[in-house]
Amino acid sequence: VELYCNQEIPQEEKKSCSMPADANLVARDIYTNSVFSLKQLPRKFIYFLGNTKEFSTTTSSIDIAAPSCDNKTTKLAIRLQDGHLVESVIMRHRHENDAGRIDTRVTLCVSSQVGCAMGCTFCATGTMGIRGNLCTGEILEQLVHAERLLREEEKQSEEERAGMIFVSTSIRNVVFMGMGEPLNNYNNVVTAVRALLNPKLWNLRHTRVTVSTVGVTPNMKRLTEDIPEVALALSLHAPNQEMRSAIVPAAKIEGLIDALDDHLMVNVKSKGDIEARKSASKKKRVMIEYVMLEGDTSSFKCAHQLGKLCEGRYLIVNLIPYNQTDVKDKLRCPSVEHMKEFQRIVTSYGAFVYIRQTMGADVNGACGQLVVKKEKKSELMDIEDGPFHDNTKSRRTAARYNNGKDGRAGATNKDARGKGKGDDNFVRNLTIATGAAAVCFLISSMIILARRKKP
């Protein structure tokens, strides 16, 4: 399924598939649990899918689904096939628009890595360190689990949903703002985005898929070349390098705004054409994310500096109220009045500035709160280097040992799922085997020496 979501596969290989149905349609129908309605598939194959325990439509599973008391948000803790946990957040929106009609939509915030190497001081995920990249299928399965949960909610009564509002059974917006730095897992994220945009799969609009980054400049430029229509968000958080290095230690500010501007204006011949710039800003969402922390970065002086960075570019700026986490530094969010004045100053430079609504803070599902405490912390590294260079070899190696001989789809090692001791068992067994080999070597050496001493 994942391979057929990958647009890089040569057409000759796709044509060699003996399955009579379009693989993309099969993937979509399997993901939506309607495989039994596929008339183009052989009956024996459908019977096999429905009656064998050796087949699973996903390699991951929902470990915990935590609803928020706001009745709009659900945080999902998803256990991967190698035992690691990642988190995603379902956000349900319902509000009355200017015309008096009710607008509804569901947004899903997805993770792209297990942990994060960026080490942002205000972000709970940054305290985990980095464990590995998610493959394309693991990214897409977060949508699968979310949509299945929404379909279950549709069948429930209001009492069974315990007050949770029902909006839709499908995801309308996807934002790569969960755990990890998406552009440090570039190939897998881009392949997942293409699957989301594919008319035969999720068929989302380009403007409804947003990739967020703290600033991997080379890969921002690659994204502009590969998928120029997709929305791009830059997590800036400070208007100058000195302040930014204190809270985003792995990122450099140089060239970031220009790269963001290039993404906005990729299809415009002249960047100096104001009308063309205005038109481009309406067609594609290119935005700056700015966390509001009590202190220097949220001062009115910084508001003017941020405004000057955005001046004449017609960018969207999202001010994110800081959500309390258990990070080392005790941080706070400024008052609402302070944030509104900050908003007014930046707006005066021509930017479109919004204060983001906080959702799911009580279940640690709000922006900056996603963290799996069981995962161990590892080293930080420079953002321009990237921890894995678009491969999942590090985490896949651990997964192979954890899964043992069980190679079927969806198989998960019991220790990894339950106690999380798969790696420890392997290391212990390897130590025992190495020790035994060393003893055998010493005994053999002693026997050989003894024989040589005999006349």
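**Helix packing and ring pairs**

Guide: Helix α6 (residues 186-197) packs against helix α7 (residues 217-226) at an angle of about 30°, and their axes are 12 Å apart. Axes here are lines fitted to C-alpha atoms over the stretch in contact, with angles from 0 to 180 degrees between N-to-C directions. Helices are DSSP runs of H or I, at least four residues, and strands are runs of E, at least two, numbered from the N terminus. This is a predicted model, where local features need pLDDT of at least 70, side-chain atom pairs count only at pLDDT 80 or more, and totals for chains, interfaces and linings use all residues. Residues are numbered from 1 along each chain as its sequence is written, and side-chain values use heavy atoms, with hydrogens and water left out.

Visitor: OK, rings. How many aromatic pairs are there?

Guide: The count is 2 aromatic pairs. Rings of Phe, Tyr and Trp (its six-membered ring) pair if their centres lie within 6.5 Å; planes under 30 degrees apart are stacked, over 60 edge-to-face, and the rest tilted. Tyr 290 and Phe 342 make a tilted pair, 5.5 Å centre to centre with 35° between the planes. Tyr 290 sits in strand β10 (residues 286-292) and Phe 342 in helix α12 (residues 336-347), 52 residues apart.

Visitor: Are Tyr 290 and Phe 342 buried or exposed?

Guide: Both Tyr 290 and Phe 342 are buried. Buried is under 20% relative accessible area, exposed over 50%, partly exposed in between (1.4 Å probe, protein chains only).

Visitor: What about the pair of Tyr 314 and Phe 352?

Guide: Also tilted, at 6.4 Å centre to centre and 40° between the planes. Tyr 314 is in the loop between α11 (300-310) and β11 (316-321) and Phe 352 is in strand β12 (residues 352-355), so the pair ties together parts 38 residues apart in sequence. Tyr 314 is partly exposed at 21% relative accessible area, and Phe 352 is partly exposed at 38%.

Visitor: Switching to backbone: what is the phi of Tyr 314?

Guide: Near 55°, a positive value in a residue other than glycine. His 237 has a positive phi too, about 70°.

Visitor: Where's His 237?

Guide: In the loop between β9 (231-235) and α8 (241-247). His 237 is buried, with a relative accessible area of 5%.
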